[in-house]
Amino acid sequence: AVIGEAHANNRQRLRLSMPCSGWVTGKYVDRQPAAPRQAWAADGPATLFPGSGAAVGKKSPMGRQLDLFGGDVSVDRSFASPAMVMTDRVEMSLWMARELMRFDPGLGDEAKAILFGGSGGAPPNPSSERKRLQVVYIAGIEGTGHHGIMPLLLYPAVREYGQGVLAWWRSLREVLLKTQPSQRKAKLRKLMEAMLQSKGEQPRIIFEWCSYPFGEEHRDRWASGCEDPHALAREEGSGNPGNSVDLREFIDLFSEYADVSVLVLHRSLVSAAWSHKEWDQSLLDHARVLALFNEYISGVVADLPPSRWKWLAYEDMCTAHRSGAHRDVAAALSDFLGLPQASLERSFAKFRPSSKNAAAEMPGDVLREVQGLEELRSNRWFRARYPAQRLLAEFEGTDGASQPNGSLRVQPDAAAQQNLTRFVETMTDDQQRAWLDLQAAAAASEKDRSMALSRLQALLTDDQRFLLQKALVLQQNSQAVARSDVDPSAYTCVHMWLGGCGFGS
């Protein structure tokens, strides 16, 4: 059944209630009545510019804006006014200096000297010959490392462009998060014209990085996560998926002014969910929410030219850092984002991999359920669909999230994974639930595992049973090899003994 529609590249896209590959003949597709579209309204505060009398708490997005004019009511501080743009510039510079100081005091001091050193914010000798404005969106679900990656990129940008770097821009987020979608294009034009005409260094690069979803509050709309078959279509049509930036719209809006690049962050679902384990109704519910928005991001990048986006695994960053491969990481990021490699290498040397071991800390039953959810859904995500877009693939690693003891989780070989993916793609909703029950029963008694397997098999067709059996056999073989003390690929033959007697090779 069709549960959602969208348009991309002048073509209509239909979102179906179950995954399928290849072409689907129209006569086999039932169109369900579309849910009535609700009028857009900003969730939470109506604006990011709270008045002097408004209450501002710890969870208020961006807090209260800096007041450069001592409360002088005669100063025009309306949206995109010269006074507001001046305030934006100072607020952004203060924020960047503070964030880089937290990242590393030495780098923070350098950034502070450039941003407030009295040279107009311009670095001594910018090396880049880029003429057009550059916009970088760092996309990813919650818990994938935004706060670690952002300063790593900010430092080389500030070194290169000084006050020409715009990040944590309150007025821009007012456009993207607190403005009616139909009014965003005109409001962004007004803001960009005001910034380009303002005093100070001309904008050279803009960073934005709202995660998916965004914010701890007002999460009821997508609370069921990927369990809700209509959630993805609803979020795509909401104007602010997950109360975050509409990424498709963002790329379209800024293409008029800049070259837009999207860096997508990835992390194992176990580690990502554990980062904000107290959010949503339960840890498993939180993982389902993250799975939903991984599918949202995957749908957006599917329509982008390969040159405009790449994805980066947090685990690969950690592996590269621990192996001292600072130059390799800097070269990969510099090649994609155009930032100076030497400064990137310096900032990556200060990168601090997370010390959390989510799998060791997460309750065992929940761990198995989250791992089963990732195994079931991840074939739809950008990691599986676009391996060629991966940065630092040579450092494929783990952050210890896959096993309680921190060891690598045994992955099926390519043939087993291919058969398992084909099997999962054929599942109905009832079959998917039975499959998850089977994953959750992995550590249960033999009787419980047998019952869960019987329930699943009763729902499968003959073809599905064949695919499942083939995938399980291949997976068992690869796991047996992984557990072996001997690497068979290191030998040309094996001499076998039985009862003290050799009997061949």
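Q: Good to know. What kind of model is this?

A: This is a predicted model, where local features need pLDDT of at least 70, side-chain atom pairs count only at pLDDT 80 or more, and totals for chains, interfaces and linings use all residues. Residues are numbered from 1 along each chain as its sequence is written, and side-chain values use heavy atoms, with hydrogens and water left out.

Q: How many helices and strands does the protein have?

A: There are 19 helices and 10 strands. Those are DSSP runs numbered from the N terminus: helices are H or I with at least four residues, strands are E with at least two.

Q: And what share of the residues is buried?

A: Of the protein's 505 residues, 46% count as buried.

Q: Back to Arg288: what does it form a salt bridge with?

A: Its partner is Asp285, and the closest N and O atoms are 3.4 Å apart. A salt bridge here is a side-chain nitrogen of Lys or Arg within 4 Å of a carboxyl oxygen of Asp or Glu. Asp285 is buried too, with a relative accessible area of 18%.

Q: Where do Arg288 and Asp285 lie?

A: Both are in helix H9 (residues 283-301), 3 residues apart, which is about one turn of the helix. In general, an α-helix has 3.6 residues a turn, so residues three or four places apart point the same way.

Q: Which residue forms a salt bridge with Glu295?

A: That's Arg377, with the closest N and O atoms 2.9 Å apart. Arg377 lies in helix H14 (residues 364-377) and Glu295 in helix H9, so the pair ties together parts that are 82 residues apart in sequence.

Q: Are those two buried or exposed?

A: Arg377 is buried at a relative accessible area of 7%, and Glu295 is buried at 11%.

Q: How many salt bridges are there in the whole structure?

A: A search finds 23. One of them joins Asp316 and Arg390, whose closest N and O atoms are 2.8 Å apart. That pair links distant parts of the chain, as Asp316 is in helix H10 (residues 314-322) and Arg390 in strand E8 (residues 390-391), 74 residues apart. Both Asp316 and Arg390 are buried.

Q: Which residues are in one network with them?

A: Salt bridges that share partners join Asp316, Arg383, Arg390 and Glu396 into one network.

Q: New topic. Which residues of H5 are buried?

A: They're Arg184, Leu188, Leu191, Met192, Ala194 and Met195. Seen down the axis of H5, they fall within an arc of 160 degrees, so they line one face of the helix. The arc is that of the directions from the helix axis to the C-beta atoms.

Q: What about the face turned away from the buried side?

A: That face carries the exposed residues Ala186 and Gln197.

Q: What covers the buried residues of H5?

A: The cover includes helix H1 (82-103), strand E3 (133-139) and helix H7 (247-254), among others. They touch by contact, which means heavy atoms within 4.5 Å.

Q: Last one: is Phe503 buried or exposed?

A: Phe503 counts as exposed, because its relative accessibility is 53%. Its place is in strand E10 (residues 501-504).

Terms used:
Buried < 20%, exposed > 50% of the residue type's maximum accessible area, 1.4 Å probe, protein only.
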